[in-house]
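Student: Hi! Could you walk me through this structure?
Tutor: Happy to, let's look at it together.
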Amino acid sequence: MASYSYKTSGVCSREIFFDIDDGIVHNVRFILGCGGNTQGVAALAEGMPVDEVIARLKDIDCNGRGTSCPAQLAKALEEAEKNS
C-alpha cells in the first residue's frame, strides 16, 4: 500500500491524504473544507478503483471556481498514478 498527500488549490480544503493499494483507493482524509461533504466524498471513494474515482469526480465545479474538493481528489489521484 502506498500513501500519498496532495496540497489542494482553489478550494477550502488545504490538503488530501490517501492510500492506494493495487489500484484501489483507501483512507481518504481532507484537511479543512466542508466537513460533511469531504467526509462523504471520502466514504464514497473508499474501496473504489482509482480510475473510477477520477472519472466520476474530475469535472465537478464548486461555485464557479473551476474546481472543487472532489475534483482536487481526482487530480491528486491522477498525479499519484502518474508518479507511481
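Student: Let's start with Q72. Is Q72 buried or exposed?
Tutor: Q72 counts as buried, because its relative accessibility is 4%. Buried means under 20% relative accessible area, exposed means over 50%, and partly exposed is in between, using a 1.4 Å probe and protein chains only.
Student: Before we go on, what sort of model is this?
Tutor: This is a predicted model, where local features need pLDDT of at least 70, side-chain atom pairs count only at pLDDT 80 or more, and totals for chains, interfaces and linings use all residues. Residues are numbered from 1 along each chain as its sequence is written, and side-chain values use heavy atoms, with hydrogens and water left out.
Student: Thanks! Where does Q72 lie?
Tutor: Q72 lies in helix α3. Helices (H or I, at least four residues) and strands (E, at least two) are DSSP runs, numbered from the N terminus.
Student: And what does Q72 touch?
Tutor: Leaving out residues up to four places away in sequence, Q72 touches Y6, T8, S9, V11, I16 and T67. Contact here means heavy atoms within 4.5 Å.
Student: Which backbone nitrogen does the side chain of Q72 reach?
Tutor: That is the backbone nitrogen of S9, at 2.9 Å.
Student: Let's zoom out. How many helices and strands does the chain have?
Tutor: There are three helices and three strands, and along the sequence they follow the pattern β-β-β-α-α-α. The chain's radius of gyration is 11 Å, close to the 12 Å that the globule rule gives for 84 residues, so the chain is as compact as a globular protein of that length. That radius is taken over C-alpha atoms, and the globule rule is 2.2 Å times the number of residues to the power 0.38.
Student: What does the C-alpha trace span along its principal axes?
Tutor: About 35 × 20 × 20 Å. As for burial, 39% of the 84 residues count as buried.
Student: Which residues touch the most other members in the largest nonpolar core?
Tutor: They are F18, V25, V28, F30, V53, L73 and L77, out of 22 residues in that core. Five elements each supply at least two residues of this core: β2 (13-21), β3 (24-32), α1 (35-45), α2 (50-57) and α3 (69-82). The largest share, six residues, comes from α3.
Student: L77 was on your list. What is L77 in contact with?
Tutor: Setting aside neighbours within four places in sequence, L77 is in contact with F18, I20, V25, V50, V53 and I54.
Student: New topic: cysteines. How many disulfides are there by the rule?
Tutor: The count comes to zero disulfides, a disulfide being a pair of cysteine sulfur atoms within 2.5 Å.
Student: What about the sulfur of C69?
Tutor: The sulfur of C69 is 6.2 Å from its closest cysteine sulfur, in C12, which is also too far for a bond. C69 is buried, with a relative accessible area of 13%.
Student: Which residues is T38 in contact with?
Tutor: Apart from neighbours within four places in sequence, T38 is in contact with F30, L32, G33 and C69. T38 lies in helix α1 and is buried, with a relative accessible area of 6%.
Student: One last thing, backbone angles. What is phi of D22 near?
Tutor: Phi of D22 is near 55 degrees, a positive value in a residue other than glycine. Most residues other than glycine have a negative phi. D22 sits in the loop between β2 and β3 and counts as exposed, at 74% relative accessibility.
Student: And phi of N27?
Tutor: Phi of N27 is near 55 degrees, again a positive value in a residue other than glycine. N27 is found in strand β3 and is partly exposed, with a relative accessible area of 37%.

Conventions: Core = buried A, V, L, I, M, F, W, Y, C linked by side-chain atoms within 4.5 Å. Polar contact = N/O pair within 3.5 Å; in protein donor to acceptor, adjacent residues only side chain to side chain.
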